[in-house]
Amino acid sequence: MTAAVPTPHPGLAQSPFLAAARGDEPSHTPVWFMRQAGRSLPEYLKVREGVGMLESCMDPDLVTEITLQPVRRYGVDAAIFFSDIVLPLKAVGVDLDIKPGVGPVVASPVRTLADVEAIPDLVDEHVPFISRAVRQLVAELGATPLIGFAGAPFTVASYLVEGGPSKEHALTKAMMFGAPDVWDALMRKIAGIASAYLRVQVEAGASAVQLFDSWAGALTPADYRASVMPHSQRVLADAGTLGVPRIHFGVGTSNLLGLMGEAGADVVGVDWRTPLEHAIPLVGDRAVQGNLDPTLVFAPTEVMTQRAAEIIDAGRAAAGHIFNLGHGVIPSTNPDQLTALTEFVHGYQPR
């Protein structure tokens, strides 16, 4: 039996992040950072010491603490749920692990329809630790929104087919082009898992969701539209029935931004390679998120903030703008720079 959905904190109605995501006028430019939960924070490294990544993601108390750490330190406008895009696969029984310095590694890569059919669909009983962690977080966060997330079908499929991270995605594309029946079945399976995973997070209290398509930049627009977009579209459509804003982000996707918006996003994440002034006309009447080069936090503070100002000014042309890095926080980032960046964004008055 599904537990009752928590009553939203009344302060969420004034959230700058949610206002920008919905195309309303926020009180200030909202900011959060992809991969803000973990990586560069000394307090994160301390609580993770001796604890594996997947083990961390399945411990509600640890997830709660790690997710809250950057909110406490930086004062960002949203929290991002600490997890990993392959966690739902682990939860349904796929034999995989996250190896330090490598990433997710799958013991038996998917090759056939039988391999796809052997992957169970995700149900609430697979992820009770997710519901508990989200509920704990929502209670702690109060007026600060929690963003739930899932890996997009193409990126998760690539891990399953390649057996781990890949630069060329050769096996993935070989299946997509050469075994379309297996590919379609796999994408349907992952889309169903992603939809269920996002539903669990929203029903427990998440205020928005982000669909990460880390490897979609490996695709041409035609291949994305034919073989990938329908499945991301399904996930985003299902999330749309939950009544929360949907962010869609991919890496190296300047040629796909229009399609990623059409897939059902309310907010299109733009990576650091594409200037916002180029991206905004492509995404139509949607908000944008991004997109400071993550390496600029290693530059002098005045250089970093000057670039941030240019991005905020460019973002005014969009239906809404959420400031973020154009990809995740780099592990060796000095947290003090992110504190300075957050304070700058909050106080900046666009020209």
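Guide: Gladly, starting with the elements: helices (H or I, at least four residues) and strands (E, at least two) are DSSP runs numbered from the N terminus. Two strands pair if DSSP finds at least two bridges between them. This is a predicted model, where local features need pLDDT of at least 70 and side-chain atom pairs count only at pLDDT 80 or more, while totals for chains, interfaces and linings use all residues. Residues are numbered from 1 along each chain as its sequence is written, and side-chain values use heavy atoms, with hydrogens and water left out.

Visitor: How many helices and strands does the chain have, and what makes it as compact as a globular protein of that length?

Guide: There are 16 helices and nine strands. The radius of gyration, taken over C-alpha atoms, is set against a globule rule of 2.2 Å times the number of residues to the power 0.38. For 351 residues that rule gives 20 Å, and the chain comes to 19 Å, which is close, so it is as compact as a globular protein of that length. The C-alpha atoms fill a box of roughly 55 × 40 × 40 Å along the principal axes.

Visitor: What do the contacts in the chain say about sequence separation?

Guide: Contact means heavy atoms within 4.5 Å. Among contacts with a separation of 6 or more, 74% involve residues 24 or more positions apart.

Visitor: Which strands form the open sheet, and what makes β1 and β9 its edge strands?

Guide: The order is β1-β4-β5-β6-β7-β8-β9, with parallel pairing. β1 (79–80) and β9 (321–322) each pair on one side only, and they are the edge strands.

Visitor: Why is β1 said to pair with β4?

Guide: The pair has two bridges and runs in the parallel sense; the rule asks for at least two, so β1 and β4 count as paired. Ile80 has Ile147 in β4 as its bridge partner.

Visitor: What joins β4 to β5, and how many bridges link β5 and β6?

Guide: β4 (residues 146–151) and β5 (residues 208–213) run parallel and share five bridges. In this pair, Ala150 stands opposite Leu211, and Phe149 has Gln210 as its bridge partner. On the next step across the sheet, β5 and β6 (residues 246–250) are also parallel, over five bridges, and Gln210 is partnered there by Ile247.

Visitor: Why are β4 and β5 called mostly covered?

Guide: Buried means under 20% relative accessible area, exposed over 50%, and partly exposed in between (1.4 Å probe, protein chains only). In β4, six of six residues are buried, and β5 has six of six buried as well. In a regular strand the side chains alternate between the two faces of the sheet. For β4, Leu146, Gly148 and Ala150 lie on one side and Ile147, Phe149 and Gly151 on the other, all of them buried. From β5, Ala208, Gln210 and Phe212 point one way and Val209, Leu211 and Asp213 the other, again all buried. Over the chain of 351 residues, 58% count as buried.

Visitor: Is Ser214 buried or exposed, and how do you know?

Guide: Ser214 has 17% relative accessibility, which is under the 20% limit, so it is buried. Ser214 sits in the loop between β5 and α11 (221–227). Beyond its neighbours within four places in sequence, Ser214 is in contact with Thr155 and Val251.

Visitor: And what class does Ala143 fall into?

Guide: Its relative accessible area is 34%, between the 20% and 50% limits, so Ala143 is partly exposed. Ala143 belongs to the loop between α7 (128–141) and β4. His9 is 134 residues away along the chain, yet the two C-alpha atoms are separated by 5.9 Å. Not counting residues up to four places away, Ala143 touches His9, Gly11, Leu12 and Ser15.
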